[in-house]
Amino acid sequence: MTNESPLTESDLQQQLTRLTHLRQAIAQAIVGQQDVVEQLLIGLLAGGHCLLEGVPGLGKTLLVRSLGQALELQFRRVQFTPDLMPSDILGTELLEEDHGTGHRHFRFQPGPVFTNLLLADELNRTPPKTQAALLEAMQERTVSYAGTTYPLPAPFFVLATQNPLEQAGTYPLPEAQLDRFLLHIRVDYPSEQEERDILAQTTGSHSSAVPQVMHGSEVLALQARVRDVHLGEDLLAWIARLVRASRPGGVSPESAVPDEIRKYVRWGAGPRAGQSLVLAAKARALLHGRLAATREDIVALAAPVMRHRLLLSFAAEAEQKSADDVIAALLRSVPFTRA
């Protein structure tokens, strides 16, 4: 439940105008990538973390930095490297001495995770020990150190970038951490015209500054509005069937599991995938000016929500089947039916 007042048409239009200004502010630094920007804003509205994946040079870091500049939120960037330690992210205790009394005591010095928007740049270039330092922060929005739990500021987002795992010097993210990302966003190469625009925009003397267009309180208000967006029982049941059908065995009846899932998936999506798909669909509906989510919202976000939550089999790798291929088959095999 939320304490926000019921959403009126004028309230909706005012908030959508702010979102339009946010899109326009990001576009001053980012050429194209409309789908990527939209998914990033969906993650922002749904209050979830986002993982951006693409080869170097596609503007992933610039995109996240531009979002941070457009929002009046505290923004910090951590470059993840093989020698980064958990204390470099979470913080550490410092031994201090009171010069008047000579008494010594430990004081916790917060790390860069104590911020509103954390850019975890090239997250998969650091070993699992350091990657795991973010698990509590991403799920509980707290940091525990030396027996004390410290709350993180609200709102709190982790926007992480990673290079494809085929590249040298990368460490696969643990499944537990992947599951904490609301969306896994793929950043592809730009079109020919977009690439020409990038060349023209980035090699001249003119530099576009990203203006601040939204306050932290407005972000929190929009997140509350997202949960008020309607999602029908038939859509809720379809999401549950999709998630359950992604599991090759166990709780799903044999007849409900598509052949592609049994063949290509070792481990399916958990309940968090269904929660993420519901919230992301509601956020997309609000972003498009609607107060009710539709089937199209779910179809558009099924891959970003589920692609990092499926553990594929050797057969999938041998036949060059991606998680997106499996999700497309899942959508075909589990049709939407109205109650």
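How many residues does helix H12 have, and how far does it reach from its first C-alpha to its last? The legends below take this up first.

This is a predicted model, where local features need pLDDT of at least 70, side-chain atom pairs count only at pLDDT 80 or more, and totals for chains, interfaces and linings use all residues. Residues are numbered from 1 along each chain as its sequence is written, and side-chain values use heavy atoms, with hydrogens and water left out.

**View 1. Helix H12, from end to end.** Helix H12 (residues 271-287) has 17 residues and spans 25 Å from first to last C-alpha, close to the 24 Å expected at 1.5 Å a residue. That expected span is 1.5 Å times one less than the number of residues. Helices (H or I, at least four residues) and strands (E, at least two) are DSSP runs, numbered from the N terminus. Because 14 of its 17 residues are buried, H12 is largely enclosed by the rest of the structure; buried means under 20% relative accessible area, with a 1.4 Å probe and protein chains only. Just after H12 comes Gly289, with a positive phi of about 80°.

**View 2. The open sheet.** Follow the order E3-E6-E9-E1-E10 and you meet 5 strands, paired in parallel. Strands E3 (75-79) and E10 (181-186) stand at the edges with a single partner strand each, so one side of each has no neighbour in the sheet. Two strands pair if DSSP finds at least two bridges between them. Strand E6 (residues 117-121) and strand E9 (residues 157-162) are joined by 4 bridges, and Leu119 has Leu159 in E9 as its bridge partner.

**View 3. The largest cavity.** A cavity is a set of points on a 1 Å grid over the protein atoms alone where a 1.4 Å probe fits but cannot get out, and lining residues have an atom within 4 Å of a point. The largest cavity holds about 40 Å³ of space, a volume being the space filled by probe spheres set on the points, which are joined across faces, edges and corners. Its lining includes Leu40, Leu71 and Phe157. Helix H2 gives the most to this lining, with 3 residues.

**View 4. The second largest pocket.** A pocket is an open set of points with protein on both sides within 12 Å along at least five of seven lines. This one holds about 520 Å³. Among its 28 lining residues, Ala46, Gly47, Gly48, Arg141 and Arg227 lie nearest its centre. H9 provides the largest share of the lining, 5 residues.

Definitions and conventions
Buried < 20%, exposed > 50% of the residue type's maximum accessible area, 1.4 Å probe, protein only.
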